[in-house]
Amino acid sequence: NKMIIPVKLSLTSDRRFKVFVATRNRATNKAPWSQRFASVPKKDDLYRDPRPLTFAKNKLALNKKTEDFLVSGMSQPFSPWRHVNSLRAVEYVNLSAYNKQFDLSDDVKVKKGSSVFIRRCQYCHSVKYVGARYGWDFVDPLPIYKKRLKKDLHYHVKYPKAFALKQGLMMPNQLGFSKEEASNLWHWLKAAAKKEPQPYK
């Protein structure tokens, strides 16, 4: 679904964990191998979304739960893995060089906003088509900072939408999203609309 999720390369060499690509799945030991994965319903206390994820081809699998697959630095951890579907490609990048693409200003609020984007938004969203393609681009064709004020941005990210299912909105509410994060992200969105992302080097 055009999401992008960073994975630490060191995790693949850690003997405690085994990261692999699952290409088939079977419900029981006696069942025949299938080329399709079963639907995965997302029903729990944090994400009340009854729509299932269907894995058509393959998916990244891990033999144990690990905090490395959760987004740190939040009062409530957010895992983008709940929302991604089939694995399409693996690309190796230098993380600091990748994140530097979104470093747009020396202003303190803009820098903090860049950190919010990297921790919370980059898995689904892009800026001028740099990043993922699942959600809206934050600048093109409409700069989001013009559409949503700081307070509106806070409510939009934190609280669930009453008619989200009918409207086809897929973004999960992030309960730990603070007003300070919203303010910093808004300042970064404004800077992103006025400056090109730095090239990846």
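Modeller: Lys-150 is partly exposed, because its relative accessible area is 34% (buried is under 20%, exposed is over 50%, partly exposed lies in between; 1.4 Å probe, protein chains only). This is a predicted model: local features need pLDDT of at least 70, side-chain atom pairs count only at pLDDT 80 or more, and totals for chains, interfaces and linings use all residues. Numbering runs from 1 along each chain as its sequence is written, and side-chain values use heavy atoms, with hydrogens and water left out.

Lys-150 sits in helix α5, residues 150-158 (helices are DSSP runs of H or I, at least four residues; strands are runs of E, at least two; both are numbered from the N terminus). Lys-150 belongs to a patch of positive charge on the surface. Patch members have over 30% relative accessible area and no salt bridge; like charges are joined within 9 Å, nonpolar side chains (Val, Leu, Ile, Met, Phe, Trp, Tyr) within 5 Å. Lys and Arg count as positive, Asp and Glu as negative, while His and the chain ends are not counted. Each charge is placed at NZ of Lys, CZ of Arg, CG of Asp or CD of Glu.

Stay in α5 for a moment. His-154 lies in helix α5 too. His-154 counts as buried, because its relative accessibility is 5%. Its contacts (heavy atoms within 4.5 Å) include Phe-177 and Ser-178. Lys-179 and Ala-182 also touch His-154. That list leaves out residues up to four places away in sequence.

Lys-179 leads on to helix α7, which spans residues 179-194. Now the charge pairs. Side chains of opposite charge can pair when their charged atoms come close. The whole structure holds four salt bridges (a side-chain nitrogen of Lys or Arg within 4 Å of a carboxyl oxygen of Asp or Glu).

One of them joins Glu-181 and Arg-120, with the closest N and O atoms 3.1 Å apart. Glu-181 is in α7 and Arg-120 is in helix α3 (residues 108-121), so this pair ties together parts that are 61 residues apart in sequence. Both partners are buried.

Another bridge pairs Lys-128 with Glu-196, at 3.2 Å from N to O. Lys-128 lies in the loop between β5 and β6, and Glu-196 in the segment after α7, so the pair ties together parts that are 68 residues apart in sequence. Glu-196 is exposed, because its relative accessible area is 54%. Shared partners also build a network: salt bridges join Arg-119, Arg-120 and Glu-181 into one.

Lys-111 and Asp-103 form a further bridge, with 3.1 Å between the closest N and O atoms. Lys-111 counts as partly exposed, because its relative accessibility is 37%. Asp-103 is partly exposed as well, because its value is 21%.

Next, the backbone. Lys-128 has a phi near 50°, a positive value in a residue other than glycine. The loop that holds Lys-128 runs between β5 (126-127) and β6. Tyr-129 is found in that loop too. The phi of Tyr-129 is near 70°, again positive and again in a residue other than glycine. Tyr-129 is partly exposed, because its relative accessibility is 44%.

Pro-141 is in the loop between β6 (130-131) and α4 (144-147).

The surface also has a nonpolar patch, formed by Leu-9, Val-90 and Tyr-92. Together these residues have about 380 Å² of accessible area (Shrake-Rupley, 1.4 Å probe; for residues, only the protein chains shown count as cover). Leu-9 is in helix α1, residues 9-13. Leu-9 is exposed, because its relative accessible area is 55%.

Last, the whole chain. The protein chain has seven helices and six strands. From the N terminus on, the order is α-β-β-β-β-α-α-β-β-α-α-α-α. Of its 201 residues, 36% are buried. Among contacts with a separation of 6 or more, 64% link residues 24 or more positions apart. The chain exposes about 13,100 Å², and carbon and sulfur atoms supply 55% of that area.
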